[in-house]
Amino acid sequence: MDKTIRIGGASAAWGDTTLGMAQLVEAGGLDYIVGDYLAEVTMAILARMRAKSDDAGFIPDWLTSVRPVLGQIHAAGTRLITNSGGMNPLACRDAFQAMAAEAGLTFRVAVVTGDDLLAQQEEIRASGLPEMFTGASMPEAFRSLNAYLGAGAIARALDEGADVVITGRVVDSAMVLGPLVHEFGWAMDDWDRLAQGSLAGHVIECGAQATGGLITDWEDVQDGWADMGFPIIDCVEDGSFTVGMPAGKGGRITPAAVAEQIVYEIGDPAAYRLPDVTCDFRDVRLEQVGPDRVRVSGARGYAPGRNYKVCGTWHDGFRLISTYMLAGGAAAARGRRMAEALIERTERLMSARGFAPYTETSVEVIGADDSYGPAARRDAAREVIVKIGLRHADARALEVFAHEFVAPGVSTAQGLTGAFGGRPRPAPVLRVHSFLWPKSDTPVHLHQEGGVTAVGIPAPGGGTQLAGPAAPQADPGQPGDPHVPLRAIAVGRSGDKGNDANIGLIARDPALLPRLLGEVTEEAVAQWFAHYLRGDVTRFVMPGFSAVNFLLTRVLGGGGSASLRYDPQAKTYAQVLLDMPVRVPADWLAPAGPLAGVTPLATGGAGRTDG
């Protein structure tokens with residue numbers, strides 16, 4: 001228990017600031033710094049890049065972030081792990097080594113390959129495996145096809161002396177679990193420790209999201225946004241860890257802030273399935289142990305399955321999305337009618353040129369509460385953004401719209417502006433097809449100076465779900481109770497998995513969890529999102545830190561680049577849900593009550609709020 005390993009998380013995704021690496025290096029004392037850059041559709045983008053050049057297909061941002069501090073990294077002996085290799089990790093290695101050589105530095109670099117299964121697509125397609133979430137048939141061809149590898153090869157590379165490990169697609173948390181397995185010598189069937197190490201990786205895989213970035217109570221952090229701190233974990237041998245950040249940086253690390261990151265995109269918290277372990281987060285405990293220091297413990301684990309999750313992307317026609325701004329009285333009504341008329345006009349022009357109608361259209365008026373559906377406050381918005389989304393099998397049909405894009409500004413209603421980007425351009429629609437593929441049919445290799453070696457990956461065959469902690473009895477409100485916004489009793493975070501949305505909620509105090517369970521039911525959430533929902537809502541309870549997670553299936557209009565929505569990744573869903581009215585006892589609002597200072601809502605029934 002005396003040994004502590006310090007790991008920093010320098011990036012949340014491709015496009016995140018490149019300043020995280022320098023901040024963590026300058027903080028000093030880190031054993032490892034990890035850089036996470038990949039998302040599902042990112043792989044298809046990188047595949048297109050690689051098809052154009054053998055030297056492309058990786059994330060250049062990692063090199064940009066490392067270059068200014070490479071000498072300090074080398075002097076400190078800090079080891080780097082990144083999935084920025086994307087679709088071409090060997091080219092990423094070559095680029096890094098060239099950069100190091102230019103600086104007169106030498107690093108032992110290892111590369112993990114085996115995730116890219118595109119060369120096996122005929123065999124995979126012959127299997128006919130349906131999409132694991134929707135049951136959809138396998139597409140005719142894939143643009144990318146990548147297995148989510150685990151931590152085993154990363155740990156092996158570190159065992160053999162690598163200073164830098166570059167991977168393609170691995171589960172994000174593997175970049176932290178690998179070093180912990182290496183440093184502590186954990187067995188690959190020590191399920192509870194593997195689950196704790198995976199949780200550590202999950203907490204820091206999204207960079208500043210763990211240090212107060214994106215927290216519900218944004219007012220507590222806003223002064224730090226210009227220089228947000230990136231997370232550092234101190235992990236000990238039993239797998240428990242403490243979340244912190246460099247001194248003097250912006251952010252806020254509290255149990256609630258860390259909890260919001262834990263619930264982010266986890267699905268069933270009793271069965272968070274990873275290639276090395278199936279995690280159970282229901283009894284995780286969070287403890288404030290100092291200013292901006294939170295200790296995390298209590299994750300448990302059991303055996304994973306024999307398969308990897310594989311994410312394939314495939315081309316399904318084209319989409320075009322454009323926006324306008326309108327201002328003035330009844331802006332929302334004018335903008336909506338303008339969009340509808342433009343769609344009608346362009347479909348008529350398309351038909352005259354022999355094109356079929358649009359396969360899907362979407363109009364959203366941002367500023368008119370369209371995200372809230374029936375619960376919207378239909379105020380007379382005087383300034384709105386109108387988004388028009390279109391889908392068609394033929395990009396040439398969408399070009400008809402692009403050529404008519406400016407016409408509404410001179411032939412519909414006054415007050416339209418904001419076409420700063422010029423004519424919109426059709427873009428490919430990339431859909432995701434996920435399925436399970438045997439680990440035994442997915443060879444993993446380690447590339448080092450001495451050559452290429454195969455890495456054996458255990459496939460234990462799955463374990464039995466663990467018994468979980470008891471949830472408290474739900475406490476629904478009573479008729480006549482005052483209503484308050486859900487955010488008065490809970491904080492939350494949301495995100496996507498394909499076409500599904502995850503919304504995690506954490507009670508602001510454990511004593512509020514029974515009321516949260518009583519008021520925010522599966523039925524209530526389904527009603528709140530009925531304007532989007534095409535599937536089911538399932539609720540999972542995490543009593544350890546007074547949280548619940550909702551999984552909403554088929555709710556994102558296809559999700560990712562396949563969606564025409566302004567929010568195709570459920571980034572706004574938690575904030576939308578936190579506006580839902582919930583009933584609370586009147587004495588909670590009294591000066592000595594837990595909600596003292598909260599103003600009750602004037603309710604209009606059916607979840608609508610008027611004040």
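A salt bridge is a side-chain nitrogen of Lys or Arg within 4 Å of a carboxyl oxygen of Asp or Glu. The structure treated in these exercises is a predicted model.

**Exercise 1.** Decide which residue forms a salt bridge with E160, and state whether the two partners are buried, partly exposed or exposed.

Solution. Step 1: the partner of E160 is R156, and the closest N and O atoms of the pair are 2.5 Å apart. Step 2: the cut-off is 4 Å, so the pair qualifies as a salt bridge. Step 3: partly exposed covers the range between under 20% (buried) and over 50% (exposed). E160 has a relative accessibility of 41% and therefore counts as partly exposed. R156, at 27%, also counts as partly exposed.

**Exercise 2.** Find the partner of R431 and locate both residues in the chain.

Solution. Step 1: R431 forms a salt bridge with D316, with 2.5 Å between the closest N and O atoms. Step 2: R431 lies in strand 18 (residues 427-438) and D316 in strand 14 (residues 307-327). The pair links distant parts of the chain, 115 residues apart. Step 3: R431 has a relative accessibility of 23%, so R431 is partly exposed. D316 is partly exposed as well, with a relative accessible area of 26%.

**Exercise 3.** Work out what parts of the chain the salt bridge between E183 and K3 links.

Solution. Step 1: the closest N and O atoms of E183 and K3 are 3.2 Å apart, and the pair forms a salt bridge. Step 2: E183 belongs to helix 8 (residues 174-184), while K3 sits in the segment before strand 1 (5-9). The pair is 180 residues apart and links distant parts of the chain. Step 3: K3 is partly exposed, its relative accessible area being 38%.

**Exercise 4.** State how many salt bridges the whole structure holds, and which residues are linked with R6 in a network.

Solution. Step 1: a search of the whole structure finds 26 salt bridges. Step 2: R6 is linked with D234 and R293 in a network of salt bridges.

**Exercise 5.** Give the strand order of the open sheet of three strands, and name the helix that packs on the sheet.

Solution. Step 1: the order is 9-10-13, with antiparallel pairing. Step 2: strand 9 (272-273) and strand 13 (300-302) are the edge strands, each pairing on one side only. Step 3: two bridges join strand 9 to strand 10 (residues 278-280). Y272 stands opposite C279 in strand 10. Step 4: helix 9 (residues 191-204) packs on the sheet and touches strand 9, strand 10 and strand 13. The direction of helix 9 makes about 115 degrees with that of strand 13.

Conventions: Residues are numbered from 1 along each chain as its sequence is written. This is a predicted model: local features need pLDDT of at least 70, side-chain atom pairs count only at pLDDT 80 or more; totals for chains, interfaces and linings use all residues. Side-chain values use heavy atoms; hydrogens and water are left out. Helices (H or I, at least four residues) and strands (E, at least two) are DSSP runs, numbered from the N terminus. Buried means under 20% relative accessible area, exposed over 50%, partly exposed in between (1.4 Å probe, protein chains only). Two strands pair if DSSP finds at least two bridges between them. Contact means heavy atoms within 4.5 Å. Axes are lines fitted to C-alpha atoms, for helices over the stretch in contact, and angles run from 0 to 180 degrees between N-to-C directions.
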